[in-house]
Protein chains: 2
Amino acid sequence: MSGEIATRSGSRSSKRRTNDPEGMRRRVLDVAEDSFQTRGYHASSLGDLMAAAGVTGGALHHHFPTKKALALAVIEERVAAAVQDTWIAPLQAAPSAREGVRAVFEAVAAELEQQGFVRGCPLNNLAHELSLADADFRSALARIFSGWRQAIADKVREDQEMGGEGGTDPDRFAALTVAAYSGAMSMAKTAQDAGVLRECLKGLEEGSPSQSGLPAKRRRRVLRRQTIR
Amino acid sequence: MSGEIATRSGSRSSKRRTNDPEGMRRRVLDVAEDSFQTRGYHASSLGDLMAAAGVTGGALHHHFPTKKALALAVIEERVAAAVQDTWIAPLQAAPSAREGVRAVFEAVAAELEQQGFVRGCPLNNLAHELSLADADFRSALARIFSGWRQAIADKVREDQEMGGEGGTDPDRFAALTVAAYSGAMSMAKTAQDAGVLRECLKGLEEGSPSQSGLPAKRRRRVLRRQTIR
DNA sequence: TCCAAAACAGGATGATCATCCTGTTTATAA
DNA sequence: TTATAAACAGGATGATCATCCTGTTTTGGA
């Protein structure tokens, strides 16, 4: 009744077939990513995925011999890309680490409030369900967490080379940022309310005295004073 | 080979039976809690639970008519109790909110390092898998998050009535604390390394100038200065 | 002692699921 | 054109799973 059946590109009823391996693989990954995120890995059946993607069992098995292989592809191609697109790239483009973090938090909060539904952090969603289930899952997910943290820490170090963020430990700042975001998304998902994201961002900024528009030298003096115990 | 079969209290092979509804219910909950946490809800089969608990299908169905009812009981009785025991009670007994938070972080980190295995936060583990799956699950889990946050915020307010924590927003502090802990546990679980908990705790403390042993008045002055923009 | 309800035993059932297997069609290179 | 492998179709299969059902034992009150 409700589920739309995905039709192949051409709606001709003829028996003509056009091989499109990349397209078919992409469609399967699209559907799998969506289902793994909203229903979870174990709650997603390959039958449902096949129906949603308009793909037969033979095709699915050809591209992804097992369900685990499919999930691994979702993690390595889609989840990693999501972290890259929503976090790493915007952060690297930002004028500073702190402003980048602030921008990401607010962008995500705004997006969630607009669509009125919180699906959670793609990485954390799968990490919780799959980290203990399989060593391959775990290492793939851990790699993404690690890259995320390192990108933030690198940005802080970059700020420091420009004369800012004197009193900040880059790795510590990165760990706390990722943790606060992950935990805030977890709460936002459970409460179905993105407000906690903004609240956590304020808490994150409240502790640190650095403000946005100030030049590096002034920022540095303020930070130095605080660092002296 | 590996799985021990739980035997009933008496190892007599006689057909004598002793009704023990509370004990049987407790044993089922013990096994279900463990399995839901380590394998997840969907990956746990009632057959496995029955075998692990040494319980028949009839007995299981008598106490928990559906798998959902069992999970709801685990959430409301066990997960809530875990949050109460490891967070709320220690926090309320602590001399201040900040010291309580610090103590919990370090106690959990030490415990995880001792047992050499990170199973994750009981609440977050189930929240990620079940929040979007069912409205009853979601509201039960959201209630626990809410109580957790409120207990922390109340402790901050208590500190403020005693003259401390002048510049801290209680709800903001609580949200950030829960988020940082939840996210840190998520990373710790994925990396199987509790070190990130200590790192996040340091990041949490680094921002705020309040130190532990100082009397309220001195703390207050320092905080005031920072609050004035 | 007796009876009704609770507590428990254990198998039946129908549905679901991931994987596999045998073919058929399409693309590619020789 | 032809041979070969990739791409895809679609059903078979065996295992697993949650629930249900019938029957037996135990318990507690009348």
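For my own reference, Ala, Val, Leu, Ile, Met, Phe, Trp, Tyr, Cys and Pro count as nonpolar, Asp, Glu, Lys and Arg as charged, and the others, Gly among them, as polar. "Near" here means that a residue's C-beta atom, placed from the backbone, lies within 6 Å of the strand.

Some housekeeping next. This is a predicted model, in which local features need pLDDT of at least 70, side-chain atom pairs count only at pLDDT 80 or more, and totals for chains, interfaces and linings use all residues. Residues are numbered from 1 along each chain as its sequence is written, while chains are lettered from A and ligands numbered from 1 in the order in which they are written.

**Around the DNA**

The top contributor is α3(B), with five residues. (Helices are DSSP runs of H or I, at least four residues, numbered from the N terminus.)

I then turned to DNA strand D, where Gly57(A), Gly58(A), Ser45(B), Leu46(B) and Thr66(B) come nearest of 26 residues. Here α3(A) gives the most, with five residues.

**Where the chains meet**

I looked up the contact between the chains: 45 residues of chain A touch 45 residues of chain B. Two residues are in contact if their C-beta atoms, placed from the backbone, lie within 7 Å. On the chain A side, α8(A) gives the most, with 17 residues. That side divides into 21 nonpolar, 16 polar and eight charged residues.

**Inside chain A**

Chain A splits into domain 1 (15–65) and domain 2 (68–227); these bounds come from an automatic or database domain assignment. I noted 31 Å between the two domain centres, taken over C-alpha atoms.

I checked pLDDT, the predictor's confidence in each residue from 0 to 100. Chain A has a mean of 88, and 84% of its residues reach 70 or more. Residues 1–13 of chain A are below 50, and residues 211–229 of chain A stay under 50 too. Where pLDDT is low, the predicted coordinates should not be read in detail.

Notes. Helix = DSSP H or I, 4+ residues; strand = E, 2+ residues; numbered from the N terminus.
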